[in-house]
Amino acid sequence: MDCLFCSIIKGDIPSTKVYEDEFCLAFRDIAPQAPVHILIIPKAHIASANEITAENSAVVAHIFEVIPKIAEKEGFSSYRLISNIGEDACQSVKHLHFHILAGRKMAEQMA
């Protein structure tokens with residue numbers, strides 16, 4: 001499988017890690033869309049939110065438990081959380097990931 005995020009998880013491609021445990025990895029986006037732009041990904045390859053099942057949903061729940069810890073560690077309490085699913089939503093890497101955006105007031109309109 002040729003997956004950018006799987007290569008980052010394996011350490012084949014460097015990243016600026018913010019958080020890591022046995023289930024997920026969080027790192028700074030290389031093309032930030034906000035002053036703080038962190039990606040958090042499961043270490044298990046899940047292509048997108050459309051691929052979440054009863055068998056792998058626990059890792060997604062874990063990610064949602066970790067996100068507030070990252071926010072606290074990084075010093076922000078207000079943030080936007082985004083996951084793009086599919087081509088029309090501009091999912092550029094086919095590995096489930098959540099964008100954590102913070103560090104400024106976000107626009108109300110997202111489209």
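Predicted model: local features only at pLDDT ≥ 70, side-chain atom pairs only at ≥ 80, totals over all residues.
Student: Which lining residues are closest to its centre?

Tutor: Leu4, Phe5, Asp29, Ile30 and Leu39 are the closest to the centre, out of 20 residues that line the largest pocket.

Student: And which elements give two or more residues to that lining?

Tutor: That would be α1, residues 4-10, and β2, residues 24-28.

Student: Which element gives the most?

Tutor: Helix α1 does, with 3 residues in the lining of the largest pocket.

Student: Switching to the sheet. What's the strand order, and is the pairing parallel or antiparallel?

Tutor: There are 5 strands in an open sheet, running β1-β2-β3-β5-β4, and the pairing is antiparallel.

Student: Which ones are the edge strands?

Tutor: β1 (17-20) and β4 (80-82) are the edges, as each of them pairs on one side only.

Student: How many degrees are neighbouring strands turned against each other?

Tutor: On average 20 degrees, with direction ignored.

Student: Let's zoom in on β3 and β5. How many bridges do they pair over?

Tutor: Strand β3, residues 36-42, and strand β5, residues 98-102, pair over 5 bridges in the antiparallel sense. Within that region, isoleucine 40 sits opposite phenylalanine 98 of β5.

Student: What about isoleucine 41, where is that found, and is it buried or exposed?

Tutor: Isoleucine 41 is in strand β3. Its relative accessible area is 0%, so isoleucine 41 counts as buried.

Student: How far apart are isoleucine 41 and glutamate 20 in sequence and in space?

Tutor: They are 21 residues apart in sequence and 9.7 Å apart in space, going C-alpha to C-alpha.

Student: Last topic, cysteines. How many disulfides does the structure hold?

Tutor: It holds 0 disulfides. For cysteine 3, the nearest cysteine sulfur is that of cysteine 6, at 3.6 Å.

Student: Is cysteine 24 buried or exposed?

Tutor: Cysteine 24 is buried, at 0% relative accessibility.

How values were computed:
Residues numbered from 1 in each chain as written. Heavy atoms only, no water. Disulfide = S-S within 2.5 Å. Buried < 20%, exposed > 50% of the residue type's maximum accessible area, 1.4 Å probe, protein only. 1 Å grid on protein atoms, 1.4 Å probe; cavity = no way out; pocket = protein on both sides within 12 Å on 5 of 7 lines; lining within 4 Å. Helix = DSSP H or I, 4+ residues; strand = E, 2+ residues; numbered from the N terminus. Pairing = 2+ DSSP bridges. Axes fitted to C-alpha atoms, helices over the stretch in contact; angles between N-to-C directions.
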